[in-house]
Amino acid sequence: MGFRNKVSMSYDTVYIEDEDRREEYVLADTGLVWRGSHNCLRPCVWSYAQYEENILECCLYLLTDVGHLRVVDRADPIKVVRHISAVLNCRDDNGVLVGNWSGKYKGGKNPTCWAGSQTILQKYFKSKKPIKYGQCWVFSGVFTTVCRALGIPSRPVTNFSSAHDTHNSLTIDRFFDCHGKPLEKMNIDSVWNFHVWNEIWMQRPDLEPGGYSGWQAADCTPQEESDGMYRCGPASVAAIKRGEVKKAFDTTFLFAEVNADKVYWRYHGPNQPLKLIKKSTEEIGQCISTKAIGKFEREDITQNYKHIESTKEEREVMLRALRQCKDVFSRYYLNDDLEDVQFEFTLLDDIVIGQPFTVKLKAINKKEEGDEFTVNVCLHVHSALYTGEAKKLIKKDEFEIKLGSGVEQEMTMTLKYEDYEKSLVDQCAFIISAMAHVEETGFDYCAQDDFRVRMPDIAIQVDGEIVQNQPISVTATLTNPLPKPLKGGEFVIEGPGFGKPTKLKMKGNIPPGADAKVKCKLTPATPGCKAVIAKFRSKELEDVDGYHTIFVKCAPENQKDNNCHL
């Protein structure tokens with residue numbers, strides 16, 4: 001597989017036009033994977049390392065010895081990609097990675113500690129046993145490595161506010177009791193802060209004609225079974241945008257991830273009718289992101305997957321998809337434009353861990369004269385996994401206000417670091433909920449949002465002439481953002497072509513507001529655009545990283561022959 005000369009382009013179904021795109025999606029050994037939340041996007045460098053020792057051998061082993069891919073099917077990139085999406089997780093076979101979203105990683109490695117695919121695939125190839133542990137961006141990074149090593153153009157794609165529709169209804173249904181408390185046993189659908197899958201470039205002769213070739217979405221994170229195995233795709237991105245959810249493979253699931261409607265219900269008991277509180281058509285599928293070609297910047301590809309939210313085109317696509325869906329959940333809507341009380345829900349963005357943050361709900365009486373309204377409000381903050389699963393209630397405030405005509409009033413709830421410190425789980429995510437009830441009209445308002453406090457940045461400085469096989473000096477600096485010392489701090493400096501990761505332990509504690517600084521020497525073995533990656537962890541702080549891109553010049557002794565390829 002892979003791209004070939006012009007004579008063979010006509011039958012190479014994974015050939016991608018344009019040299020810059022081939023360089024980015026097949027040859028590049030470093031990239032960016034986006035994490036975080038829709039209001040706090042975080043770029044993380046991933047080393048694909050497809051040229052390193054035993055990586056190609058491991059990829060071939062996955063095709064020949066893991067799973068059940070017939071010899072004849074190994075020439076079909078559609079079947080190869082579908083096979084790879086199954087064998088990179090270990091749910092059905094002795095695959096590469098064990099998924100773990102529990103927050104407990106005994107016996108393995110915290111997924112946030114991985115910075116590349118090299119160690120994962122090398123250890124797997126040596127032991128032939130699944131590696132512990134991975135989450136979606138780790139699965140996607142390894143998927144990219146395997147595809148590029150086999151010559152298949154691939155890139156990681158991150159979808160923020162990503163829906164996990166368990167019953168294929170194309171709705172994410174949230175149920176609350178009369179006090180505004182989420183009913184977790186009924187809330188089996190979820191919305192992940194972000195989810196990362198892959199796009200693979202290929203022709204789709206099985207779907208044509210109709211313009212279904214090009215980028216195909218595929219996912220090896222084990223979420224739901226597809227034809228009896230935990231795998232997903234490849235699904236034509238063009239088919240997803242059109243709402244053609246019956247096109248192979250798993251297009252219904254991927255469509256819901258980017259374009260499901262989120263519906264809020266009030267549940268009064270098993271013998272009482274549900275009351276629809278709110279229908280949101282704009283929450284799911286935001287800021288769909290991938291790395292830009294030839295530069296370490298974000299490219300927004302949301303328009304590839306969906307039309308602009310709430311436009312006529314987007315609603316028509318949604319209705320088209322629903323008509324094809326066999327299990328359509330009840331879908332009615334509440335026209336709150338006619339209500340007399342308007343609510344505005346906001347929270348502060350870009351909060352670094354250690355800082356306080358505030359949740360605000362504003363109530364506005366739209367009537368210029370006359371009626372006064374009694375409004376009951378409840379604000380909740382839960383810690384959460386990035387998969388959208390609520391964990392622990394951190395704080396809850398209740399308010400009762402009298403709202404005169406033309407009056408607006410703001411209710412606020414502030415959380416200090418001391419409030420949320422002990423409740424933090426993976427990646428510092430929260431679910432913020434606001435429920436309100438207007439007694440005189442019976443109007444109910446509900447809003448919910450994802451939020452995360454972000455990690456501080458690691459500043460990286462590179463000194464010296466950057467030439468192949470010559471050492472460079474790297475300095476990494478982190479400022480302690482917490483109101484307490486950091487203990488047992490450790491930096492890990494690495495990058496493709498720099499050999500084994502360099503571990504540097506800090507001496508003593510790092511006081512609040514003080515800098516942790518380390519220096520080391522790295523020697524780039526290969527020329528070209530590279531990334532120096534730094535990670536930091538301590539007993540109080542982890543999942544902190546940073547990167548610095550450099551361009552490595554060819555060694556003088558290699559400039560006269562063919563050993564230097566830039």
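Is Lys 484 buried, exposed or partly exposed? Lys 484 is partly exposed, with a relative accessible area of 27%. For the terms: buried means under 20% relative accessible area, exposed means over 50%, and partly exposed is in between, with a 1.4 Å probe and protein chains only.

Some ground rules. This is a predicted model, where local features need pLDDT of at least 70, side-chain atom pairs count only at pLDDT 80 or more, and totals for chains, interfaces and linings use all residues. Residues are numbered from 1 along each chain as its sequence is written, and side-chain values use heavy atoms, with hydrogens and water left out.

Stay with Lys 484. Its side chain meets that of Glu 421 in a salt bridge, 2.1 Å from N to O. A salt bridge here is a side-chain nitrogen of Lys or Arg within 4 Å of a carboxyl oxygen of Asp or Glu. Glu 421 sits in the loop between α10 (417-420) and β21 (429-438), and Lys 484 in the loop between β24 (472-479) and β25 (490-494), so the pair ties together parts that are 63 residues apart in sequence. Helices (H or I, at least four residues) and strands (E, at least two) are DSSP runs, numbered from the N terminus. Glu 421 is partly exposed too, at 24% relative accessibility.

The structure holds 26 salt bridges. One of them joins Lys 291 and Glu 24, at 3.0 Å from N to O. Lys 291 is in strand β14 (residues 286-291) and Glu 24 in helix α1 (residues 19-27), 267 residues apart. Both residues are buried.

Next, the annotated sites. The UniProt record, an unreviewed entry, gives "active site" for Cys 136, His 195 and Asp 219. These residues are spread over 84 residues of sequence, but they cluster in space, with a largest C-alpha distance of 9.9 Å. A caution on UniProt: positions are in the numbering used here, feature names are shortened, and annotations may be inferred rather than shown by experiment.

Cys 136 is in helix α5 (residues 136-149). His 195 is in strand β7 (residues 190-202). Cys 136 is buried, at 0% relative accessible area. His 195 is buried, also at 0%. What does the side chain of His 195 make with the side chain of Asp 219? A polar contact, at 2.6 Å. That term means a pair of N or O atoms within 3.5 Å; within protein, one must be able to donate a hydrogen and the other to accept it, and residues adjacent in sequence count only if both atoms are side-chain atoms. Leaving aside neighbours within four places in sequence, His 195 is in contact (heavy atoms within 4.5 Å) with residues including Cys 136, Asp 219 and Glu 257.

Asn 259 lies in helix α7 (residues 251-259) and is buried at 2%. Glu 314 lies in helix α9 (residues 312-324) and is buried at 1%. Beyond four places in sequence, Asn 259 is in contact with Glu 309 and Glu 314, among others.

Last, the cores. A nonpolar core is a set of buried Ala, Val, Leu, Ile, Met, Phe, Trp, Tyr and Cys residues joined through side-chain atoms within 4.5 Å. The largest has 63 residues, and Phe 343, Phe 357, Phe 491 and Ile 493 have the most contacts inside it. A second, separate core of 52 residues includes Tyr 386. Tyr 386 is also one of the residues that Cys 136 touches.
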